[in-house]
Amino acid sequence: GLALRVASPQVPIVLTNPVGGETFDGCTSISINWSVNNNALEGAPSGVYDIYLSTDDGGTWDLLYDNDTSCCSWTWNLPNESLPNCKIRVEDSDDSSKKDETSISFSIVPTQEITVLFPNGGEQWVSNDNYDIEYLKTDEVETVNIYYSLDNGGTWETIVTGHDGGVYSWDVPNNPSDEVLIRIQDSSNECKWDVTDEVFSF
């Protein structure tokens with residue numbers, strides 16, 4: 001169930017969303033909301049806020065957004081990743097003792113709207129030969145762009161853009177590598193993508 005938050009009149013910042021326990025879909029957006037108490041015993045917040053994300057249940061924190069002066073809401077575009085142990089913290093930019101965070105973790109689950117079927121890792125192709133790249137997509141995705149990497153995802157080159165149909169016949173380049181990946185991405189939403197599970201070679 002969802003955690004229930006009871007605000008103390010002494011607390012200068014109260015995070016109101018997310019509260020923890022939720023499961024959010026990747027490639028969507030949520031509103032991070034908080035309230036402030038200018039009569040807090042610790043003193044009023046400065047009006048400038050930093051927002052942090054933890055993906056290890058509060059063990060470590062990474063800055064999502066800083067110097068927010070809009071108070072008291074910020075829209076977060078969720079990544080397309082499996083992140084089961086997330087927490088959000090809102091902190092006064094001028095006084096790190098004034099803060100609040102989700103008491104229990106929430107999770108993000110990646111979109112399944114694009115799936116690379118083949119190749120999916122371990123294949124040994126031959127340079128200059130022709131192979132089919134196969135994928136599935138939902139009706140939410142009209143067309144896809146297909147990319148390849150020769151350095152395990154470090155850099156990407158375009159194979160084709162605006163493709164539809166589930167199978168693309170690719171003439172493999174004469175550029176041998178044993179760290180090849182295929183990435184297929186929604187042409188109109190770069191957040192939605194899938195990549196081969198493991199490297200393959202040609």
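## Cysteines and their links

Let's start with C71: this residue is partly exposed, with a relative accessible area of 31% (partly exposed lies between buried, which is under 20% relative accessible area, and exposed, which is over 50%, using a 1.4 Å probe and protein chains only). This is a predicted model, where local features need pLDDT of at least 70, side-chain atom pairs count only at pLDDT 80 or more, and totals for chains, interfaces and linings use all residues. Residues are numbered from 1 along each chain as its sequence is written, and side-chain values use heavy atoms, with hydrogens and water left out.

| Disulfide | Sulfur atoms apart |
|---|---|
| C27 and C191 | 2.2 Å |
| C71 and C72 | 1.7 Å |

Take the link of C27 and C191: it is left-handed, with -95° about the S-S bond. This pair ties together distant parts of the chain, 164 residues apart: C27 is in the loop between β2 (23-25) and β3 (29-36), while C191 sits in strand β16 (residues 189-195). Strands are DSSP runs (E, at least two residues), numbered from the N terminus. C27 counts as buried, at 18% relative accessibility.

Count the bonded cysteines along the chain and the disulfides follow the pattern 1-4, 2-3.

Terms used: Disulfide = S-S within 2.5 Å. Helix = DSSP H or I, 4+ residues; strand = E, 2+ residues; numbered from the N terminus.
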